[in-house]
Amino acid sequence: MALEDFPGGPDTFLIIVKFCYGMRAELTPRNIVTVSCAADYLEMTDEYGEDNLLSKSESFFHKNVLRNWKDCILALQSCDPLTPRVEKLQIVSKSLNALSMMVCTDPSLFGWPMMMYGRLQSPGGSILWNGINTGARIRSTESDWWFEDISYLSVGLFEKLIHTMETRGVRPENLVGAIMYYARKYLPGLGRWQSRQSGKTRTVASFSLTPAAVDQKVLLETIEKLLPEKKGKSFCRFLLGLLRVALILSVRQTCKDSLERRIGMQLEMATLDALLIPTYSDSDTLYDTDCMERIIHHFMNSESRITSFSPSLDLETSPSSEPLRKVAKLMDNYIAEVASDVNLKPMKIRSLAEALPESSRALHDGLYRSLDIYFKAHPWLSEREKEELCNIIDYQKLSIDACAHASQNDRLPLRVVLQVLFFEQMQLRTALAGCLHVLDAENAPAGPMTVPTDTAGQIVQRDGWVTVVRENQVLKVDMENMRSRVGELEEEFSKIKQEMKRVTKSHSSLSSPRLVARKIGCKLLPRSSDAQPDTVDSTGPTPRASVEQPRSSRHSRHRKSFSLF
């Protein structure tokens with residue numbers, strides 16, 4: 001007679017034969033599942049004999065296996081090849097319920113340490129077993145003491161166990177911790193994208209378990225389904241690590257879309273290094289900017305904010321007014337990092353920058369820095385392409401330092417530099433007008449205080465100008481000193497100007513007559529003879545006398561001018 005589909009193989013059949021012949025059949029946590037399935041297969045029930053093998057195995061399973069953590073784990077490990085029959089006998093469901101109850105209870109109540117590893121610790125000291133000091137210690141004070149043990153289960157059993165624990169009321173953060181531990185164990189490269197775990201890696205000692213054979217694609221898709229809709233810094237970093245592995249393994253598109261959506265709903269908690277996902281396809285770019293753009297799209301479309309974990313687990317929520325600002329700053333840094341890629345197209349830079357609304361950025365210094373890096377890495381861009389990229393910058397939102405740098409940046413188009421200079425002057429004028437308005441208001445007599453214009457107020461509150469308002473007392477003193485100094489300089493200048501006019505007039509009066517007289521060859525007479533008329537020792541009007549006469553009259557006019565002086 002052939003026993004087709006006999007569960008357990010020759011070893012299990014030998015145990016049944018020993019039992020039938022009255023020999024001692026040893027039941028252990030490792031063989032109890034196969035023996036129970038074989039007894040059910042052979043219909044070894046009490047109908048054919050009292051205390052038959054099926055009832056005996058069920059009694060052993062309930063009294064010994066379900067009351068011990070390690071025995072439940074060992075029994076579950078042997079259930080995978082016998083899935084239809086163990087489901088009929090409810091061995092899996094009973095084991096999962098027992099494990100879930102023990103997770104919610106103090107593990108020290110279950111006898112031998114749950115995890116028989118070399119570095120188990122317990123505040124109660126060494127654990128006694130049958131009066132023997134084993135030296136083993138159990139980490140009963142920590143909530144993750146069971147993570148390592150359940151990581152030896154197959155993907156299907158692990159999934160069922162997580163669902164059972166969830167219905168039993170295990171805390172969501174503990175479930176997520178177990179899921180992350182399981183994923184990190186079987187997905188290579190995922191551990192580096194999670195926070196460091198305290199302590200050293202646990203090593204198996206006397207409690208030997210065989211790691212499960214896992215299909216990585218199936219595991220990742222299962223992990224994605226098990227994860228709750230929660231948010232947190234460590235959780236977001238874990239999701240980004242999963243997305244990297246998903247892109248490498250080329251899992252189903254629905255799984256990748258779900259991961260991108262989860263990340264987008266808590267993008268404000270991501271870090272720059274985790275967002276720099278390399279390109280694993282045939283694309284020429286270094287980083288997967290298309291994936292980043294989709295994540296931003298999910299962030300903008302996420303209307304309902306998901307809940308967060310307990311703050312005690314290094315997870316926190318952000319105020320409703322903060323996420324957009326944080327994501328804008330994160331995106332500016334992301335664009336600056338990917339801008340050095342020589343294969344990155346200008347339109348991709350523009351689409352990444354315009355993925356967020358204009359109101360998300362109080363300052364555009366980050367965008368300017370990103371474009372500057374992009375222009376430096378792409379010197380072959382035309383002036384038109386540079387101007388199109390520069391159109392995403394609002395020059396009125398550049399700080400004073402950014403304006404000063406842009407005005408001297410030879411990588412920017414000339415038209416852009418002129419616009420920067422224009423808005424820089426406008427900022428300085430408006431800010432100075434706002435400061436003077438505040439100073440005048442303080443100097444004015446008591447009365448209703450007027451408020452500066454909206455434009456001035458916006459600039460005063462931006463780019464550090466608020467410090468100018470706070471130091472208005474110092475500015476007041478400086479400006480008063482400047483005004484008095486300017487007044488003194490104007491008074492001195494007017495005195496110097498009057499003195500110069502007087503000296504110039506005196507110099508012209510003294511020097512002009514003598515110079516003219518010397519040029520025409522005449523000799524000026526002394527002052528004593530100025531009152532006497534000129535005479536000529538000649539009896540008649542000779543030609544010489546006629547010549548001397550007009551000269552005398554000319555001399556008399558010069559003498560009159562000297563007498564006035």
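These are my notebook entries on a few spots I looked up in this predicted model.

**Entry 1: S78**

I started with S78 and asked which elements it sits between. S78 is in the loop that runs between helix 4 (69–77) and helix 5 (83–89). Is S78 buried or exposed? Its relative accessible area is 15%, and buried means under 20%, so I noted S78 as buried.

Next I looked up its neighbours. Leaving aside residues up to four places away in sequence, S78 touches R30 and V33. I also checked I32, which is 46 residues from S78 along the chain; the two C-alpha atoms are 8.8 Å apart. Where does the side chain of S78 reach? I found it at 2.7 Å from the backbone oxygen of A75.

**Entry 2: helix 10**

I then moved on to helix 10, residues 216–226. Which of its residues are buried? My list reads L219, L220, E221, T222, I223, E224 and L226. I was curious about what covers these buried residues, and the cover includes helix 8 (155–168), helix 9 (172–186), helix 11 (233–249) and helix 12 (253–264).

I had a look at the start of helix 10 as well. There, D215 has a side-chain oxygen that comes to within 3.2 Å of the backbone nitrogen of K217.

**Entry 3: the second largest pocket**

My next stop was the second largest pocket, with a volume of about 390 Å³. How many residues line it? I noted 21, and those nearest the centre of the pocket are T279, S281, S283, D288 and D290. Helix 11 and helix 12 each supply at least two lining residues, and so does helix 14 (289–301). Sorted by class, the lining has 8 charged, 8 polar and 5 nonpolar residues.

**Entry 4: aromatic rings**

I finished with the aromatic side chains. How many aromatic pairs does the structure hold? The number I wrote down is 7. One of them is F147 with Y181, a tilted pair with 6.2 Å from centre to centre and 50 degrees between the planes. Why does this pair tie together separate parts of the sequence? F147 belongs to helix 7 (residues 147–150) and Y181 to helix 9, so the pair links parts that are 34 residues apart in sequence. I checked the burial of both partners too: F147 is buried, and Y181 is buried.

Key: Residues numbered from 1 in each chain as written. Predicted model: local features only at pLDDT ≥ 70, side-chain atom pairs only at ≥ 80, totals over all residues. Heavy atoms only, no water. Helix = DSSP H or I, 4+ residues; strand = E, 2+ residues; numbered from the N terminus. Buried < 20%, exposed > 50% of the residue type's maximum accessible area, 1.4 Å probe, protein only. Contact = heavy atoms within 4.5 Å. Polar contact = N/O pair within 3.5 Å; in protein donor to acceptor, adjacent residues only side chain to side chain. 1 Å grid on protein atoms, 1.4 Å probe; cavity = no way out; pocket = protein on both sides within 12 Å on 5 of 7 lines; lining within 4 Å. Points joined across faces, edges and corners; volume = space filled by probe spheres on them. Nonpolar A, V, L, I, M, F, W, Y, C, P; charged D, E, K, R; others polar. Phe/Tyr/Trp six-rings, centres within 6.5 Å; stacked < 30°, edge-to-face > 60°.
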